[in-house]
Amino acid sequence: MKPYDNRAWLLVLPVFAVVLFSAVLPLMTVVNYSVQDSFGNNQFFWNGMGWFRELLDPSSELGGRFLAALGRNLVFSGIILAIEVPLGILVALCMPRRGWRLAVVMVVMALPLLVPWNVVGTIWQVFARADIGLFGAAVNGLGIDYNYAGNATAAWFTVIIMDVWHWTSLIALLCYAGLRAIPDAYYQAARIDGAGRWAVFRNIELPKLKRVLVIGVLLRFIDSFMIYTEPFVVTGGGPGNATTFLSIDLVKLALGQFDLGKAAAMSLVYNMMTLLVCWVFFTAMTQLDAARERVE
Amino acid sequence: MARITLDGIGHAYGPRPGGPADYALQPLDLVWEQGLAYALLGPSGCGKTTLLNIISGLVQPSHGRLLFDGTDVTHLPTERRNIAQVFQFPVIYDTMTVAGNLAFPLRNRGMDRAGIVQQVARTAAMLGLTEVLDRPARNLSADAKQKISLGRGLVRQDVAAVLFDEPLTVIDPGLKWELRSKLKAVHRALDLLMIYVTHDQTEALTFADQVVVMEGGQVLQVGTPAELFERPDHTFVGHFIGSPGMNLLPAEVSGMEARVDGHALPLAGRYAPLDAGRIEVGVRPDFVALTDGPGLPVQVDRIDDLGRVRLARVRLGRHRMVATVPPDAVVSGSEARVRIDPARIHVYADSRRVAPL
Amino acid sequence: MTARRFILATYLLALSLPIYWLVNMSFKTNAEITAGVSLWPHAPTLANYVRIFTDPSWYMGYVNSLTYVAINTVLSLACALPAAYAFSRYRFLGDKHLFFWLLSNRMAPPAVFALPFFNLYSAVGLFDTPWAIALAHCLFNVPLAVWILEGFMSAVPREIDETAEIDGYSFPRFFVRIFVPLIANGIGVAAFFCFMFSWVELLLARTLTTVNAKPIAAIMTRTISAAGMDWGLLAAAGVLTLVPGALVIWFVRNHIAKGFALGRV
């Protein structure tokens, strides 16, 4: 049992200070803005919950665009999770156990994860174009009219396939780590018990992957919920606002239009939503850990 | 199945083995009879787990043939051999209840529901798991889980041999005895061939009808616990079994006498003059006793009082020995005499026992 | 067996193809690029790379990026090490809540912080310096580093700490001489992720800089300007941003493999 010692706060102080400076201070200014309105010229007056009410009102301009962007984010996250999680698990199951092949595979898999996000956007911006990109040319060559700049479906398709290309490796690597932790004896026992491949997956591998999958789904959901750079570089949020996700809209509002009150209100609600999701997953994970500890 | 025959079974690390160091298991011949319990005893790395895995089919031997009742099963896949294996730590399916775990091997083999229910109930009763049948398996204690692992092996009616790979490793010491008794009870009830790998001699000697002592990839001796104790064929067996192990003294042997550092030890048998290789005589501390009467003069270094017995660490000439101190003897000073029972002295040349003429 | 190899090979090919395309483009002239889709450069040229290496407005971008990433990694690790130790070894008032609050910052949308950071760093005079971005990235990198390091530290038995104390080591000496080498793999994993998330981030890096400390990511997005896209140049710049990442993976590949197995997951 770990000893109780409040002096440990001294060790935590640097982190506390840094994150306080980086997180709390800015958030305080956001809260400040969110309850004020301005005549311009830096003159502010109290607006109470005004911005928030407008934000959550679908009939208002602000509310309409906020809820539309939120809807787009939820659909986007849903789709990419539905693709990346099974694909990641599948790839993890196919990865070699050891040796030089493993090193090569891991390096190639990690490459998309280390590409700066704007370069990810640039790569796909080019790759998906019909005139200068292999993918775009190939799809159009198959007879499908594919133009992400003009067609909303094509834009969505491009953004999704870009995210899958970008992030599946993360899930795969996490699952691979989880799989490696399973002792050989489990597979041996399953052979003796006459279990087929699917039974082995369902009864041995999948349960042991639960914990890493919770982590992976959390990371991917949150990161896809916050997505900004990649779609911004490829589609700029368009065509129209077909791919204008929450972050893109927020930045437009805050840094483009300098609509501080509205942007601040949106920021807080946005932040609150991610906190809520975080809390749900955190609870799930601590419960999984507690269950594991009870048994061991 | 009546027996398992190992015909020249060996396993080398690489494709072209040169000397003994290239083998995980050196080629051996063994026959194991149905209904008996065998222990594979030896230190880590002696090849016992490799041998076990060859029998279960998890490892393909590089040499030799494996026969189950005369049928060559060397290349038969694990699931088609009639064996079950229990591992060092409990292997259970977290997603299922205890009943589900026990039913799993039967479901995979396509047995009907009624049959499964009956078999599961029978096996659970035998192992004392009936009360927990409907509980999730993952919440139980380690020893219950090991029983489930064993149960999954016993639930199949076609199982003829059960293999154990150090199954008591993660069990609490207090529960080890209980689980061991359960294993023996199951063995008596089911007339199975049981093969038990361990590095703990107490487990091996209490569990097994026959013990196979292994070291460095070789089988050194196969025998009942009594045979191993009284007549070790190899100095390692003598040393490994018994606590403390056998005393080994370099000697010259000729006729009915052995000479250790100038001291004469009478032997119970006649031996041809031995001069080739390293000659040693071995005798267990149990048969070397401090005495007031006539005996060999020794220097006493230390007396260890273990409660139920006292052991004396002595030196005969330059060589160390362990002797027993009779309960009422008083040891004073550092000089004493020991009496060695000639019938219990064995002669070893290059670590192997030499039989008297 | 072959099904597994096939799936893996297809996946790896799909991952490599877009990157190959970028490399492909970087060796072409704009004329060749706009002329049509060709699988390899028919008239390969190094002009794009030469331009980047000789034009300060381009190569300074890399220098700036590497600067703030390095500062951030060092800063994050330096803060995170003692904090992770505290979480790993002690219970204290509010520890669980603090841990959660830290993690939640990792999950905060940078868009929310774009404007406040803009104001904050202008106010303290750090705007348009690598320090601004390094500090801003601490928002999510420090919690991540704490989380990763705590996992590795918890795997080191307390007895080691106690033995060192009995042997007369002062805490700093124990930490540096004994403890840190034991968690070297964990530090490697944490450093890798700090590097990764700082190197790839665009929004905050662009918001907090204008001229002096502009990172390469911002310079590249600036190239979306009037005179049409200089695709070859853009591609070359992109390829060069991959180099630090590839180097880092190559050098830490063993640590990552081991770290994944031992650590939090």
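**A turn in chain B, and beyond**

Guide: β20(B) and β21(B) make a hairpin, with two residues between the strands. In the turn, B:D350 has a positive phi of about 55°. This is a predicted model, in which local features need pLDDT of at least 70, side-chain atom pairs count only at pLDDT 80 or more, and totals for chains, interfaces and linings use all residues. Residues are numbered from 1 along each chain as its sequence is written, while chains are lettered from A and ligands numbered from 1 in the order in which they are written.

Strands here are DSSP runs of E with at least two residues; helices are runs of H or I with at least four; both are numbered from the N terminus. Strands pair if DSSP finds at least two bridges between them. β20(B) and β21 (residues 352-354) of chain B run antiparallel, joined by three bridges. One bridge sets B:Y348 against B:R353 in β21(B). β20 (residues 346-349) of chain B also runs antiparallel to β14 (residues 279-283) of chain B, through four bridges. There, B:V347 in β20(B) stands opposite B:V281.

Next, the contact of chain B with chain A. Chain B gives 19 residues and chain A gives 13. Contact is a matter of C-beta atoms, placed from the backbone, lying within 7 Å. On the chain A side, α8 (184-192) and α9 (197-225) each give two or more residues. The largest share, six residues, is from α8(A). That side has eight nonpolar, three polar and two charged residues. Nonpolar covers Ala, Val, Leu, Ile, Met, Phe, Trp, Tyr, Cys and Pro; charged covers Asp, Glu, Lys and Arg; the others, Gly among them, are polar.

Chain A also touches chain C. Here 75 residues come from chain A and 76 from chain C. Helix α13 (residues 231-262) of chain C gives the most to the chain C side, 13 residues. By type, the chain C side holds 61 nonpolar, 10 polar and five charged residues.

Chain A itself has 12 helices and two strands. Of its 296 residues, 42% are buried, meaning 20 or more other C-beta atoms within 10 Å of their own; 12 or fewer is exposed, and in between is partly exposed, with C-beta atoms placed from the backbone. Its C-alpha atoms fill a box of roughly 75 × 70 × 35 Å along the principal axes. Helix α11 (residues 246-256) of chain A is mostly covered, with eight of 11 residues buried. Among them are A:L246, A:I248 and A:D249. Just after α11(A), A:F258 has a positive phi of about 50°.

In chain C, α4 (residues 56-89) and α7 (residues 130-154) pack at about 40°, with axes 6 Å apart. Axes are lines fitted to C-alpha atoms, for helices over the stretch in contact, and angles run from 0 to 180 degrees between N-to-C directions. α4(C) and α7(C) are therefore oblique: under 35 degrees would be roughly parallel, over 145 roughly antiparallel, 65 to 115 roughly perpendicular, and the rest is oblique.

Technical notes: Contact = placed C-beta atoms within 7 Å.
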